[in-house]
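Here's a quick report on charged pairs and model confidence. Have a look at the structure first.

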Amino acid sequence: MHRRIRTAGIIVASIILAIVVLLPALSYIGSQLVLRERIVSSLSRWTGQPIQIGRNLSVGYFPRLSAEINDLRIGASSSAGEAPLRVRQATLQLSLIDALFGEANLSSVVLIGPELRIPSADTADQGPAILDNIVRRWIGTQSAPAPRGPAYLEIRDGRVVSQSSDGPPLAANIQGRLTGLDADKALRFEGGANWRSLPISGSLEIERLRDLAKIQPTAVSASIRSRLGSFTFDGQFDPRHRNWLRALTGDFTFSSERLAQFDQLVGVGMPVVLPGTLSMKGTIGQDDSRANLTLENLSLDEHTGTGTIGFSPRSQNSPAALSATLGFQTLDLMSLVQRIDSGDSSERRSRLRPSAQNSDRSRAHNRISIDLRLSADEASYGEVRLTDLAVSGRFGADESVLDINNAQLLGGTLQGNWRKDRLASEKQSRLELHFSEISGSQLSDGLGLPGVLPSGVATIDLTLAGASSLNRLLLRGQGQFKAQFDSGEIAGLDLAPIIDEELGGGFFSLSRLAGSGLDYDEASFEGAVQRGIARLDTGLIRTGRYRIELNGRVPYASNSLALSGRLLAAPSPGLTGTVPKDAQPRVLSRFFVGGSFSDPFLTTTRDR
């Protein structure tokens with residue numbers, strides 16, 4: 001009996017206690033007007049911003065005390081009525097204990113459909129403004145301690161838009177959760193978003209929010225993933241810099257197997273096409289004007305190396321600038337040329353799209369300027385092999401320039417440059433090449449014409465102007481060439497059948513002149529190039545008292561030739577052993593060489 005009375009007493013006491021505890025809370029939360037005011041006050045204290053909420057406010061009591069708000073606006077509204085941060089719907093979890101004391105303190109916040117409006121489309125320039133206007137007040141200072149914030153902030157379907165533009169969002173589909181909102185705790189964000197049209201996900205952790213409130217560097221770690229690749233960072237973030245890359249100092253890694261799609265997806269305005277695969281590991285440092293990446297390991301497509309990369313953010317009067325000094329063991333020079341060509345092709349395609357309405361001046365301002373220096377122990381351009389290569393390039397809105405500062409090939413050196421005008425209505429390019437002390441025999445073999453060219457040491461100059469594509473320029477450009485060969489030999493050639501009139505009339509294979517080889521004293525060739533045809537204006541080969549003069553056309557694009565020439569003999573010395581000053585060379589024979597490179601024919605005419 002006593003047990004039953006005791007149990008009943010406990011039940012009654014519990015009910016009375018619950019009524020005593022809950023009645024004040026129920027009386028408080030029962031007033032929609034009071035709750036609205038307390039929620040606005042709590043959000044304003046937490047964010048440090050003016051708060052407006054829509055008319056619809058619903059309150060839930062079970063299983064936890066919560067409030068649901070439609071049309072939440074954070075920050076002072078503009079003249080057009082747009083707040084910097086506008087939330088379609090917000091779900092607030094409130095502290096029941098604090099509610100007993102007349103407070104609407106937040107235990108968690110869920111923002112559904114938040115839209116952040118910033119004054120400029122350049123998020124890098126506006127980052128510190130957002131940090132100062134929202135986060136700094138949220139964290140608090142020594143004179144104004146931060147109010148207690150919620151345990152976590154969850155974001156669903158968020159986006160960032162430009163206040164001054166009706167274009168697509170800068171970031172969309174933002175999903176994630178912020179934890180550690182206390183000023184003395186580490187803030188951590190985990191989630192994802194669409195940056196322009198690129199989906200990204202990952203995590204970001206800031207060690208001390210209070211350091212950010214004081215605008216001081218703080219420890220930061222980040223891990224970002226996308227279908228293009230991944231990026232990790234561990235170091236310090238300095239909020240005094242406007243550009244995020246200028247604000248980082250520490251270790252990083254980057255890896256991508258689809259980097260060539262970056263500009264297409266993000267639209268950053270690269271003047272060249274990026275490589276397909278790239279991985280880097282190194283450190284990020286800062287100087288007065290730019291961020292510097294020191295690369296311990298670099299893998300570009302199939303080539304490994306080291307180097308440094310510098311980045312200067314875009315300013316009001318100049319585009320963003322990227323500079324790189326990279327050294328490789330091997331390098332595919334043709335791949336680099338194709339990326340330069342493809343950069344123009346992608347720009348032309350973008351101009352044809354109906355949405356491409358920007359002027360040339362606007363494109364020039366948004367395009368990244370690249371200054372590149374490359375070196376390689378070994379390099380190739382198709383079948384051409386080079387060593388000790390050193391090239392530099394400047395690629396921007398106005399023009400692209402690729403300089404060959406030095407390259408060893410064919411026993412000699414190559415220097416030159418390739419320039420492209422990017423703003424002309426019909427894009428043009430110009431190529432200048434200077435070959436110094438190269439082997440004529442190696443050049444002949446490299447062209448697939450063994451034994452055709454003189455074998456002596458040669459100096460060759462070539463200039464071409466025409467189409468912007470280098471391959472089209474080589475095949476269809478126009479310009480001049482000049483070649484000078486020191487003494488040597490033309491392998492497998494013998495002039496005796498012509499001199500001794502052994503050929504007779506008709507057409508013969510050039511193989512009829514086969515012999516042990518023709519030693520010569522000098523050889524020179526000079527002419528012009530136009531649309532795949534080399535026009536030889538002056539050709540001279542001097543051997544002893546004989547000389548061969550050539551002129552005609554060589555359609556190298558079709559591997560054929562049509563050359564006219566004559567064989568001359570200098571007068572023989574008389575009995576005195578001297579040649580009269582007015583003596584003229586005598587024409588022994590005139591000839592024509594035609595047909596294909598692989599099987600040329602010859603016809604001769606004896607000069608009478």
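What follows covers the ground rules, the confidence picture and then the salt bridges.

## Ground rules

This is a predicted model, where local features need pLDDT of at least 70 and side-chain atom pairs count only at pLDDT 80 or more, while totals for chains, interfaces and linings use all residues. Residues are numbered from 1 along each chain as its sequence is written, and side-chain values use heavy atoms, with hydrogens and water left out.

## Confidence

The protein chain has a mean pLDDT of 78 (that's the predictor's confidence in each residue, from 0 to 100). Of its residues, 75% reach 70 or more. Helices (H or I, at least four residues) and strands (E, at least two) are DSSP runs, numbered from the N terminus.

Two stretches deserve a look. Residues 121–131 have pLDDT below 50, with 19 contacts in the model beyond near neighbours in sequence; a contact means heavy atoms within 4.5 Å. Residues 345–365 are also below 50, and that stretch has 18 contacts beyond near neighbours in sequence.

## Salt bridges

Side chains of opposite charge can pair when their charged atoms come close. Searching the whole structure turns up 17 salt bridges, each defined as a side-chain nitrogen of Lys or Arg within 4 Å of a carboxyl oxygen of Asp or Glu.

Take D71 and R86, whose side chains meet in a salt bridge at 2.9 Å, N to O. D71 sits in strand β3 (residues 66–74) and R86 in strand β4 (residues 85–94), so this pair ties together parts that are 15 residues apart in sequence. How accessible is D71? Its relative accessibility is 25%, so D71 counts as partly exposed, and R86 counts as partly exposed too, at 28%. The cut-offs here are under 20% relative accessible area for buried, over 50% for exposed and partly exposed in between (1.4 Å probe, protein chains only).

R117 pairs with E115, their closest N and O atoms being 3.3 Å apart. R117 is partly exposed at 21% relative accessibility, whereas E115 is buried at 13%.

R394 and D403 also form a salt bridge, at 3.3 Å from N to O. Here R394 is partly exposed, with a relative accessible area of 36%, and D403 is buried at 13%. Back at D71, salt bridges that share partners join D71, R73 and R86 into one network.
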